[in-house]
Amino acid sequence: IIKTNVTELRVESTVAWDLHVNAETLLWEAFNEYSLAGTANVPSSIIGVRAIDAAGNSLIGAGFTALTGTDALPIIGDGGVVGADAPGAAGTYLTSPDTHQFR
């Protein structure tokens, strides 16, 4: 299942900021079971993330990037990873949509 443009994030900040995504757990939590076939332990690494800025530029590779367990996937800035990319600058999506608005 691929749902494009599912989430839109608009940033307004007076300080530098980071944007990252990660899974909370290593396995999906199954709320409903539809069959006894297959495995009940579905890894969160099957989730693919694609981040695009308002100008249409991909921010983390050319396509979808898989999550790796519960590790942070940096999109803007370091996401808590020392020595990675610079953080986003202070500003607002109203005046800088190409750098402060994502989908």
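Predicted model: local features only at pLDDT ≥ 70, side-chain atom pairs only at ≥ 80, totals over all residues.
**Entry: salt bridge**

I searched the whole structure for salt bridges and found one. Glu8 and Arg10 form it, and their closest N and O atoms are 2.8 Å apart. Glu8 has a relative accessible area of 43%, so I list Glu8 as partly exposed. Side chains of opposite charge can pair when their charged atoms come close.

**Entry: Gln101**

Which residues does Gln101 touch, not counting those up to four places away in sequence? I get Glu8, Leu9, Arg10, Ile52, Asp53, Ala54 and Tyr93. I place Gln101 in strand β8, which covers residues 101-102. Is Gln101 buried or exposed? Its relative accessibility is 18%, and buried means under 20%, so I count Gln101 as buried.

**Entry: fold outline**

I count one helix and eight strands in the chain. Read from the N terminus, the order is β-β-β-β-β-β-β-α-β. The chain has 103 residues, and 23% of them count as buried.

**Entry: nonpolar core**

I listed the largest nonpolar core and got twelve residues. They are Val11, Trp17, Leu19, Ala23, Val49, Ala51, Ile60, Leu67, Leu73, Ile75, Ile76 and Phe102. Which strand gives the most to this core? I find strand β6, residues 73-76, with three residues. In soluble globular proteins, nonpolar side chains tend to be buried together.

I followed one core member, Ile75. Leaving out residues up to four places away in sequence, I see Ile75 touch Leu19, His20, Val21, Ala51, Leu59 and Ile60.

**Entry: aromatic pair**

I counted aromatic pairs and got one. The rings of Trp17 and Phe102 have centres 6.1 Å apart and planes at 65 degrees. Planes over 60 degrees apart count as edge-to-face, so I log the pair as edge-to-face. Where do the two residues lie? Trp17 is in the loop between β2 (12-13) and β3 (19-21), and Phe102 is in strand β8. The pair therefore ties together parts that are 85 residues apart in sequence. I note both Trp17 and Phe102 as buried.

How values were computed: Residues numbered from 1 in each chain as written. Heavy atoms only, no water. Core = buried A, V, L, I, M, F, W, Y, C linked by side-chain atoms within 4.5 Å. Buried < 20%, exposed > 50% of the residue type's maximum accessible area, 1.4 Å probe, protein only. Helix = DSSP H or I, 4+ residues; strand = E, 2+ residues; numbered from the N terminus. Contact = heavy atoms within 4.5 Å. Salt bridge = Lys/Arg side-chain N within 4 Å of Asp/Glu carboxyl O. Phe/Tyr/Trp six-rings, centres within 6.5 Å; stacked < 30°, edge-to-face > 60°.
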